[in-house]
Amino acid sequence: MSNNAKIAIGGVALGLFLWIWLPLWAVVLIVVGVPAAAYLTLDPSQRRRLRRIRRREIGR
């Protein structure tokens with residue numbers, strides 16, 4: 001099993017756990033807030049690179 005598959009399975013398990021034990025607003029805050037916080041911690045050059053990669057994949 002690849003590392004990406006293991007991470008995906010762990011994320012789904014964590015999401016189900018959070019969904020059961022936390023109120024809906026807290027789960028939504030975590031699901032939206034964690035990726036947003038991770039994006040904001042990137043350097044401007046890393047953000048440009050990430051946007052460029054996304055555009056290139058969309059254009060395929």
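A surface patch, as the word is used here, is made of residues with over 30% relative accessible area and no salt bridge, where like charges are joined within 9 Å and nonpolar side chains (Val, Leu, Ile, Met, Phe, Trp, Tyr) within 5 Å. A salt bridge means a side-chain nitrogen of Lys or Arg within 4 Å of a carboxyl oxygen of Asp or Glu. Lys and Arg count as positive, and the place of an Arg charge is taken as its CZ atom. With that in hand, you can find a positive patch formed by Arg48, Arg49, Arg51, Arg52 and Arg55.

Before going on, please keep in mind that this is a predicted model, in which local features need pLDDT of at least 70 and side-chain atom pairs count only at pLDDT 80 or more, while totals for chains, interfaces and linings use all residues. Residues are numbered from 1 along each chain as its sequence is written, and side-chain values use heavy atoms, with hydrogens and water left out.

Let us stay with the arginines for a moment. Arg48 sits in helix H3, residues 44–58; helices here are DSSP runs (H or I, at least four residues) numbered from the N terminus. Arg48 counts as partly exposed because its relative accessibility is 46%, a class that lies between buried (under 20%) and exposed (over 50%), using a 1.4 Å probe and protein chains only.

Now turn to the nonpolar side of the story. Val12, Leu16, Trp19, Leu24, Val28, Val31 and Val32 make a nonpolar surface patch of about 730 Å². Helix H1 (3–21) and helix H2 (24–40) each supply at least two of its residues, and H2 gives the most, with 4. Trp19 belongs to helix H1, and is exposed because its relative accessible area is 56%.

Between H1 and H2 runs a loop that holds Leu22. Leu22 is partly exposed, at 32% relative accessibility. Leu22 and Ile7 are 15 residues apart along the chain, and their C-alpha atoms are separated by 21 Å.

Further along, Ala36 has its place in helix H2 and is partly exposed, at 36%. From Ala36 to Arg47 there are 11 residues in sequence and 12 Å in space, C-alpha to C-alpha.

In the model, the span of residues 20–42 is 83% helix and 0% strand, with its end C-alpha atoms 32 Å apart.

Definitions and conventions: Areas by Shrake-Rupley, 256 points an atom, 1.4 Å probe, with all protein chains shown as cover.
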